[in-house]
Amino acid sequence: MTQSSRSPFTLKHIYTTGVADGVGGWRDYGVDPSQFSATLMKTCERLVKEGRFTPSNPVGILTSGYYELQQNKVPLLGSSTACIVILDRRSHRIHTCNLGDSGFLVVRGGEVVHRSDEQQHYFNTPFQLSIAPPGAEGVVLSDSPEAADSSSFDVQLGDIILTATDGLFDNMPDYMILQELKKLKNTNYDSVQQTARSIAEQAHELAYDPNYMSPFAQFACDNGLNVRGGKPDDITVLLSIVAEYTD
């Protein structure tokens with residue numbers, strides 16, 4: 001079981017959202033996996049609120065946040081994937097970075113027009129940021145934040161931006177997510193929040209269905225493993241809709 005953290009925040013015409021998903025294997029060493037991911041997102045959020053970032057460079061936010069954790073006087077052990085999406089509401093342009101298997105979708109007219117690329121070293125082992133105990137730096141898998149996949153592209157008014165941890169994508173294929181998003185008839189906060197909750201709840205239900213051929217199970221089969229069912233995991237889902245910006 002992994003732990004996830006979310007952090008949506010705004011700064012003037014810039015809207016930034018991010019998710020981080022702690023690697024659950026740290027529980028075997030007495031470490032709470034949620035602490036690393038939560039602290040990483042809180043640090044990135046503070047950097048944005050303080051204006052210490054370049055809107056077109058989300059990798060820079062992730063890099064600064066991670067290096068700050070490394071230099072923390074209080075040791076913080078753990079590993080995490082991360083995805084950050086920055087929307088410039090004036091230019092209707094998005095800048096993204098994704099390290100590991102969290103990610104995002106951009107939906108327009110009921111179809112996925114952009115999506116993040118999953119980064120895996122091998123099956124069920126995503127790219128991740130890590131801080132290891134002293135002396136174990138070469139043993140714990142750790143990637144550079146600069147290794148994150150990044151992209152920039154234009155969006156349109158009404159586009160839906162979904163950012164989520166792998167607990168969603170491992171249990172719900174795109175067509176199921178799109179079916180839920182089609183039910184979104186109102187763009188007010190309550191409606192968007194309810195849709196995000198509905199998607200997360202459906203993914204959670206499928207995660208515990210032993211007979212369901214989930215995307216994760218299909219991926220496992222593609223890698224020579226006889227697996228069926230969903231993948232129990234923490235699930236974080238964030239929804240945003242591109243709207244007209246006014247000062």
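Colleague: Is arginine 115 buried, partly exposed or exposed?

Modeller: Arginine 115 counts as partly exposed, since its relative accessibility is 40%. One thing to keep in mind from the start is that this is a predicted model.

Colleague: Noted. Which residue does arginine 115 form a salt bridge with?

Modeller: The partner is aspartate 174, and the closest N and O atoms of the two are 2.4 Å apart.

Colleague: Let's take it pair by pair. How far apart are the closest N and O atoms of arginine 46 and glutamate 68?

Modeller: They are 2.0 Å apart in that salt bridge. Arginine 46 sits in helix α1 (residues 33–49) and glutamate 68 in helix α2 (residues 58–70), so the pair ties together parts that are 22 residues apart in sequence. Arginine 46 is partly exposed at 29% relative accessibility, and glutamate 68 is partly exposed at 28%.

Colleague: What about glutamate 50, which residue is its salt-bridge partner there?

Modeller: Glutamate 50 pairs with arginine 52, with 2.8 Å between the closest N and O atoms. Glutamate 50 is partly exposed at 43% relative accessibility, and arginine 52 is partly exposed too, with a relative accessible area of 48%.

Colleague: How many salt bridges turn up in the whole structure?

Modeller: The search finds eleven.

Colleague: And the charges overall, how many positive and negative side chains are there?

Modeller: There are 19 positive and 30 negative side chains, and 7 Å separates the centres of the two sets.

Colleague: Okay, change of topic. Where does isoleucine 160 lie?

Modeller: Isoleucine 160 is in strand β11, which covers residues 160–164. With a relative accessible area of 11%, isoleucine 160 falls under the 20% cut-off and is therefore buried.

Colleague: What does isoleucine 160 touch, leaving out residues up to four places away in sequence?

Modeller: Its contacts are Leu105, Val106, Val107, Leu181, Leu184, Leu239, Ser240 and Ile241. As for glycine 109, its C-alpha is 9.2 Å from that of isoleucine 160, and the two are 51 residues apart in sequence.

Colleague: Now zoom out for me. How many helices and strands does the protein have?

Modeller: The protein has six helices and twelve strands. Its radius of gyration is 18 Å, close to the 18 Å given by the globule rule for 247 residues, so the protein is as compact as a globular protein of that length. The C-alpha trace spans about 50 × 50 × 25 Å along its principal axes.

Colleague: What share of the residues is buried?

Modeller: Buried residues account for 51% of the 247.

Colleague: Last one: of the contacts with a separation of 6 or more, what percentage is between residues 24 or more positions apart?

Modeller: That comes to 68% of those contacts.

Colleague: Great, thanks for the tour!

Notes. Residues numbered from 1 in each chain as written. Predicted model: local features only at pLDDT ≥ 70, side-chain atom pairs only at ≥ 80, totals over all residues. Heavy atoms only, no water. Helix = DSSP H or I, 4+ residues; strand = E, 2+ residues; numbered from the N terminus. Rg over C-alpha atoms; globule rule 2.2 N^0.38 Å. Buried < 20%, exposed > 50% of the residue type's maximum accessible area, 1.4 Å probe, protein only. Contact = heavy atoms within 4.5 Å. Lys, Arg positive; Asp, Glu negative; His and termini not counted. Charge placed at Lys NZ, Arg CZ, Asp CG, Glu CD. Salt bridge = Lys/Arg side-chain N within 4 Å of Asp/Glu carboxyl O.
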